[in-house]
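Good morning, colleagues. Please keep the display in view as I speak.

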Amino acid sequence: MKRPHVKTKSRTVLHAEQLDDAFRTIAEVLASSTSRDEELHRLVVEKARAIAAGDCAALGFVGGEDGFFARWMISSARHPARVMRAPAADGVLRNVLEARRPIRLNDCSATRELELFPAARSFVGAALRHGEDTLGGVYVTRTADDVPFTDDDALALQRFADRAALVLRLARHRRTAEEAIHARDVVLATVSHDLGNPLGSILMSSATLLRDTPAVDRRRTRPLLDVIRRSAERMRRLIDDLMTAATLESGNFSVAPEVVATRPLLEEAVRLFRPLTDSKCQTLEMSTRDALPDVRCDRERILQVLANLVGNAIKFSPRGSRIRIDAWLHDGEIVISVADTGPGIPADAMPHIFDRHWKGGSDSPGAGLGLYIVREIVRAHGGRVWAESSPGGATFSFALAAQREGPGVARARDDHAPACERSTQ
């Protein structure tokens with residue numbers, strides 16, 4: 001009886017499948033925010049041993065002092081990958097780093113520098129090279145009982161090393177970026193803490209002086225005290241924006257939603273900014289519906305959103321203008337808008353206004369973080385934000401899910417004319 005023919009995979013096909021499998025696993029480890037360098041290195045050296053079908057493999061990184069490897073990790077069939085004392089990068093180990101192609105030895109039993117591989121008989125090594133930079137090398141051996149490595153084995157190891165070099169370089173860049181972000185966060189936290197207390201003292205002292213200054217001195221000192229207070233408040237908002245932006249970029253930003261009454265929330269935002277609008281003879285108006293439903297949100301974060309939007313409106317609106325806050329219920333959402341009467345936003349700038357560090361002109365004050373923070377806070381609430389503009393001003397709106405629906409009634413207005421405007425009526 002004739003035996004049926006069984007088709008077997010070629011070694012080349014097996015190498016290709018192993019490469020794909022290896023880099024799927026490596027990519028998963030690299031993508032993990034909790035992955036560490038040692039975990040990635042262990043995976044690389046073990047996959048190198050598997051792809052070349054070796055008994056022992058090592059991963060060495062260049063950069064050590066006195067001609068030694070900076071880091072050396074070894075893996076065998078009997079022992080999992082582990083960090084070992086780094087050997088000198090000489091002999092065939094150095095040759096691999098300098099060669100443009102893999103190096104293969106059918107009999108390496110007399111090669112002194114390969115004595116650190118247990119019972120090594122045949123050897124293959126490939127450089128980890130990215131562009132013109134050599135990161136290190138991967139080295140694989142087989143014992144005397146195994147057949148020597150083939151050219152296909154060497155080619156597969158080199159292909160693996162080329163792709164592994166890219167992954168290791170990306171991991172190095174990520175680690176450098178993470179270290180830089182951590183250092184920046186430490187600096188920002190220190191600055192926030194060290195500046196927060198003196199700024200609080202300045203604000204309290206200026207408020208006390210504004211309240212207690214005798215009438216005879218008020219005309220002369222009040223403008224100066226107003227400047228001090230406004231400057232300190234601006235510095236405090238800038239610090240808050242920097243800290244929020246750092247938290248957003250680090251991925252640690254979160255919100256703590258609770259049921260919040262909408263109208264009192266808006267009233268508090270108005271109270272916060274009336275001193276500033278009064279100083280520019282601007283009118284800050286608020287218009288809502290009496291039966292406006294509650295909203296589920298992080299109260300302090302939404303106040304930060306309103307502070308950034310109203311602060312922008314004040315900054316870009318001329319003296320004596322009107323700024324309006326509106327709120328209404330639409331399709332189960334609370335929509336809140338802040339409208340100004342400034343110059344508006346150029347059409348070509350509209351797609352970028354919520355980008356990080358976007359500023360309305362090179363001479364515009366601030367760090368360009370306000371609208372970026374607005375967008376990210378609203379998104380963290382599952383809401384949406386947008387802007388409209390015309391030559392007569394800009395309107396920024398955001399929508400959050402209403403806690404419960406209620407019938408809308410006639411609008412209740414809350415208008416406030418600044419003292420400098422009332423005095424002229």
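Let me begin with burial: a residue is called buried under 20% relative accessible area, exposed over 50%, and partly exposed in between, with a 1.4 Å probe and protein chains only. Helices (H or I, at least four residues) and strands (E, at least two) are DSSP runs, numbered from the N terminus.

As to provenance, this is a predicted model, in which local features need pLDDT of at least 70, side-chain atom pairs count only at pLDDT 80 or more, and totals for chains, interfaces and linings use all residues. Residues are numbered from 1 along each chain as its sequence is written, and side-chain values use heavy atoms, with hydrogens and water left out.

First, the overall composition. The protein chain has nine helices and 14 strands. Of its 425 residues, 43% are buried. With contact meaning heavy atoms within 4.5 Å, 66% of the contacts between residues at least 6 apart in sequence join residues at least 24 apart.

I turn to helix H8, residues 370–380. Nine of the eleven residues of H8 are buried, so H8 is largely enclosed by the rest of the structure. The buried residues are Gly370, Leu371, Tyr372, Ile373, Val374, Arg375, Glu376, Ile377 and Val378. After H8 comes Gly382, with a positive phi near 75°.

Which helix packs against H8 at about 150°? The partner is H7, residues 299–316, and the two axes are 9 Å apart. Axes here are lines fitted to C-alpha atoms, for helices over the stretch in contact, and angles run from 0 to 180 degrees between N-to-C directions. Angles under 35 degrees count as roughly parallel, over 145 as roughly antiparallel, 65 to 115 as roughly perpendicular and the rest as oblique; H7 and H8 are therefore roughly antiparallel to each other. Their crossing is left-handed, a term used if the near helix is turned anticlockwise from the far one by less than a right angle, with right-handed used if clockwise. On the H7 side, the contact includes Ile302, Val305 and Leu309, and on the H8 side, Leu371, Ile373 and Ile377 are among the residues involved. By class, this contact has eight nonpolar, four polar and one charged residues. Here Ala, Val, Leu, Ile, Met, Phe, Trp, Tyr, Cys and Pro count as nonpolar, Asp, Glu, Lys and Arg as charged, and the others, Gly among them, as polar.

H7 also meets helix H6, residues 262–279: their axes come within 10 Å and cross at roughly 35°. This crossing is right-handed. Among the contact residues are Leu265, Leu266 and Phe273 of H6, together with Ile302, Leu306 and Val310 of H7. The contact divides into eleven nonpolar, two polar and two charged residues.

Ser390 is found in strand E12, residues 384–390, and counts as partly exposed at 37% relative accessibility. Leaving aside neighbours within four places in sequence, Ser390 is in contact with Pro343 and Gly344. Its C-alpha atom is separated by 9.4 Å from that of Thr341, 49 residues apart along the chain.

Asp107 lies in the loop between strands E4 and E5. With 45% relative accessibility, Asp107 also counts as partly exposed. The C-alpha atoms of Asp107 and Ala144 are 8.8 Å apart, with 37 residues separating the pair along the chain.
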